[in-house]
Amino acid sequence: MHRAVGVCAAFLALLICVTAPAAAISILSVTQDGAGEPVMVTLDREGTVSFQYNGGTPIFAHGITVKFIPPGEGVVTFSATDPVSGMITTPRSITITDETLSPTPTPQIGGGGGGSDTPSVVWKSVTLPAGTFDVVADNSEETCAVSWQSALGTLKAAGVSFKVSDKWDGGLFIFEVDGTPSEDVAGWMYQVNGASPVTTAEKCTVSAGDKVIWYYSESMSQTPEQSPKAFYYKVQTSTAPAPGVSSTENGETEKGQDVTADAVSYPLSLPPGSDLRLSEGRMYLSVNVPMAASAGDEITFVGNTMFITREDVVLKIRFADFTDKSGVISGEITDVTVETTPVMVTCASGAAPEICLLINLMTIPMDADIDVIATPISGLSAVPAQILGAANAALGVEGKCVSTAGWQMDAEKRGLENGVDVGDVIVRITADPACITKMGGLSVLRLVHIMDDGTAEVLALRSAGTTEDGKMILEADPAAGLSSFIFVSIAKAPAASGTAVTTTAPEAQATPEPTESGTPLTALCAAVGLLAVTGIYRNKKR
């Protein structure tokens, strides 16, 4: 009897042990001693830990005690998976912060630039126009229209070669970038604002201010910082189509016959043999004049101001004081300005205005340039809703709205960043006064600056004198940086529905504002805009 009871008890205990669920895998400890040091995770049994740095590509490690070395400051999220049961622990995060962050190894950067969030990483600004471009799949030779303002568009705009395949239904597979092909598990990946999108690059829309990274991952789990080859881009967008195309009514692009635009490059780098150093918040510059002259720069002085003249641009560097030792000029710098040489634009109406930029620099660029592209705008329908909305929001303070859009000028900066390197910018226009009068005068003309964050500021135009041949010089109010500019005319904003309209007594009645149909700005439309850029900019890039 007792033996039977004992056997039953043992059998019951065994049954309970067999049917009871296994205990979930758990994380016993996590240690991390600051940026540059590994995150150590210890489990209660052997398992697989998934690490994700700043929302990027997951990296897996297997064992009881595993480690992950984050490339810098940020957030590391991790969880453990039991390889037997498949159970996953609740994700946990650890924030890595250290003021003494050591620089990460410099990746092979695609292109130059400036304005970096991480030591050794150089971001290149790219301007993405409106419309689409054609991509031919390498395997099928089929043509696919891809939006310029996409992650793939950043490579196209930067002039980096790539090859695609359309053999998968999900989208285009990028199997080669800049001559480096994918091999086995190694291949090309991309991130937008530090995260890895779940869609293919041609379907991933990007906006002004976004940061796009293309990088080669040797194990498909490397981060951009660990990659042997990476391209870092800051996105700027334009409402104008790419050079050589024009916008159609449905928003697509087509080849232009009479509408063309090209880019002109303004090199702003210091002459070879120059030396720039900072000391106690002051800048000191040395320029080897003979060496600069041999490189093609013309250097002259007026008082304490050095003029470095090149084909399309003049750098003006003012010294507090300087010394001249065997042709080497050295001294403390007080300010730096850039003036681009005038570009003559031949309009369809026969008018030939000249446009230049006056740029105040907050620092001296050792290696930088500005590419400018100007294109005509056929009308308000060609201006994207968000751009037009930003302009009207800024004009609404004055009770005005955009009436007509004439042209747009986009500036792509390499090695420069607004607010850090670039200060105020003045756009100067020289035109025939008869044309200005025909358009209704300066009171209805504005220059709208679309800033890097997508907001707008409205710049009034004023007379700055006349040239020797009688042309009128117009200058816009200083712009807060260098991005995109749209030349517009304005009219009185329509009264909102249900809003009472106040009338003025006859004896104090002001001159009525011109309406859209009766404004002299119809002359602007008839002339395709005084400053509608239908001529071709000369492309002179050093």
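**Figure 1. Helices and strands of the protein chain.** The protein chain has 6 helices and 34 strands, where helices (H or I, at least four residues) and strands (E, at least two) are DSSP runs numbered from the N terminus. This is a predicted model, in which local features need pLDDT of at least 70 and side-chain atom pairs count only at pLDDT 80 or more, while totals for chains, interfaces and linings use all residues. Residues are numbered from 1 along each chain as its sequence is written, and side-chain values use heavy atoms, with hydrogens and water left out. Of the 542 residues in the protein chain, 44% are buried (under 20% relative accessible area; exposed is over 50% and partly exposed in between, with a 1.4 Å probe and protein chains only).

**Figure 2. Open sheet of strands E10, E11 and E12.** The 3 strands of this open sheet follow the order E10-E11-E12 with antiparallel pairing; two strands pair if DSSP finds at least two bridges between them. Strand E10 (162–165) and strand E12 (180–181) are at the edges with a single partner strand each, so one side of each has no neighbour in the sheet. Between E10 and strand E11 (residues 173–177) there are 4 bridges in the antiparallel sense. Lys163 has Glu176 in E11 as its bridge partner.

**Figure 3. Surroundings of Ala320.** Ala320 belongs to strand E23 (residues 313–325). Its relative accessibility is 41%, so Ala320 counts as partly exposed. Apart from neighbours within four places in sequence, Ala320 is in contact with Asn304, Glu332 and Thr334, contact meaning heavy atoms within 4.5 Å. The C-alpha atoms of Ala320 and Asp335 are 9.1 Å apart, at a sequence distance of 15 residues.

Figure 4. Rings of Phe, Tyr and Trp (its six-membered ring) pair if their centres lie within 6.5 Å; planes under 30 degrees apart count as stacked, over 60 as edge-to-face and the rest as tilted. Phe231 and Tyr233 have ring centres 6.4 Å apart and planes at 20°, so this pair is stacked. Phe231, at 3% relative accessibility, counts as buried, and so does Tyr233, at 0%. Ring pairs join Trp188, Tyr216, Phe231 and Tyr233 in a cluster.

**Figure 5. Charges over aromatic rings.** A charge sits over a ring if NZ of Lys or CZ of Arg is within 6 Å of the ring centre and within 35 degrees of the ring normal. Lys167 lies over the face of Trp168, 5.1 Å from the ring centre. For Arg277, the charged end sits over the ring of Tyr284 at 4.7 Å from its centre.
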